[in-house]
Amino acid sequence: MQAIVTLFLMLSLALSFVSAAPTPGQNATDISARAEGAVQMFKRYSDARMTYFADGLGACGITNTADQYVGAFLLRQYGTGGYCLDMITISYGGKTAQAQIVDRCPGCPEYGLDLSEGLFEYFAPITTGVIYGDWSFN
């Protein structure tokens, strides 16, 4: 009986490899290849550390003012600027706002954000200094 079960498991495993194989004329690279920009991030980041920054010229080449709802990413997330001008939604303390990514933040923790002073003040007094909220890409 044990030999039959073992044989069945081995056949099941072998069939799973065959079904995942590329079709004739197609290779694994063709299957995994995606068009540039075909993958977007939609994950929601919870309990993200958020601070504020002074307005001015950002890494995306746009000069912003303190009253604009803009933000900055951690340098590693910012990368080469692929998310420049993308919109995100931020929530904290029962409030929600939309913001545009205009800069990079070398001092931010992973998935943390730097917010314009006006956006930070929408959520909490500037003297609070740091808040922890949620955000996601639109």
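This is a predicted model: local features need pLDDT of at least 70, side-chain atom pairs count only at pLDDT 80 or more; totals for chains, interfaces and linings use all residues.

Visitor: In what order do the strands close into a barrel?

Guide: The order is β1-β7-β4-β6-β5-β8, six strands with mixed pairing. On average, neighbouring strands of this sheet are turned by 45° against each other, direction ignored.

Visitor: Do β1 and β7 run parallel or antiparallel?

Guide: Parallel. Four bridges join β1, residues 44-53, to β7, residues 113-116. Thr-51 stands opposite Asp-114 in β7.

Visitor: Now the inside. Which residues touch the most other members of the largest nonpolar core?

Guide: Met-50, Ile-88, Ile-90, Leu-113, Leu-115 and Trp-135 do, out of 20 residues in that core. Two or more residues each come from β1, β5, β6, β7, α4 and β8.

Visitor: Take Leu-113. What is it in contact with, leaving aside neighbours within four places in sequence?

Guide: Leu-113 contacts Arg-49, Met-50, Thr-51, Ala-72, Phe-73, Ile-88, Ile-90, Cys-108 and Trp-135.

Visitor: And the second core, how many residues does that have?

Guide: Seven, and it is separate. Among them are Phe-53, Val-70, Cys-105 and Cys-108.

Visitor: Switching to rings. How many aromatic pairs are there?

Guide: Eleven. One of them is Tyr-69 with Tyr-122, a tilted pair with 5.8 Å centre to centre and 50° between the planes.

Visitor: Where do Tyr-69 and Tyr-122 lie?

Guide: Tyr-69 is in the loop between β3 and β4, and Tyr-122 is in helix α4, so the pair ties together parts 53 residues apart in sequence. Tyr-69 is partly exposed, at 33% relative accessible area. Tyr-122 is partly exposed too, at 28%.

Visitor: What about Tyr-92 and Phe-123, why is that pair edge-to-face?

Guide: Their planes stand at 90°, and edge-to-face takes an angle over 60 degrees. The ring centres are 6.3 Å apart. Tyr-92 is in strand β5 and Phe-123 in helix α4, 31 residues apart.

Visitor: Is Phe-123 buried or exposed?

Guide: Buried, because its relative accessibility is 7% and the cut-off for buried is under 20%.

Visitor: Which residues form the aromatic cluster?

Guide: Tyr-45, Phe-73, Tyr-83, Tyr-111, Trp-135 and Phe-137 form one cluster.

Visitor: Last one. What lies over the face of Tyr-122?

Guide: Lys-95, at 5.2 Å from the ring centre.

Notes:
Residues are numbered from 1 along each chain as its sequence is written. Side-chain values use heavy atoms; hydrogens and water are left out. Two strands pair if DSSP finds at least two bridges between them. Axes are lines fitted to C-alpha atoms, for helices over the stretch in contact, and angles run from 0 to 180 degrees between N-to-C directions. A nonpolar core is a set of buried Ala, Val, Leu, Ile, Met, Phe, Trp, Tyr and Cys residues joined through side-chain atoms within 4.5 Å. Buried means under 20% relative accessible area, exposed over 50%, partly exposed in between (1.4 Å probe, protein chains only). Contact means heavy atoms within 4.5 Å. Rings of Phe, Tyr and Trp (its six-membered ring) pair if their centres lie within 6.5 Å; planes under 30 degrees apart count as stacked, over 60 as edge-to-face and the rest as tilted. A charge sits over a ring if NZ of Lys or CZ of Arg is within 6 Å of the ring centre and within 35 degrees of the ring normal.
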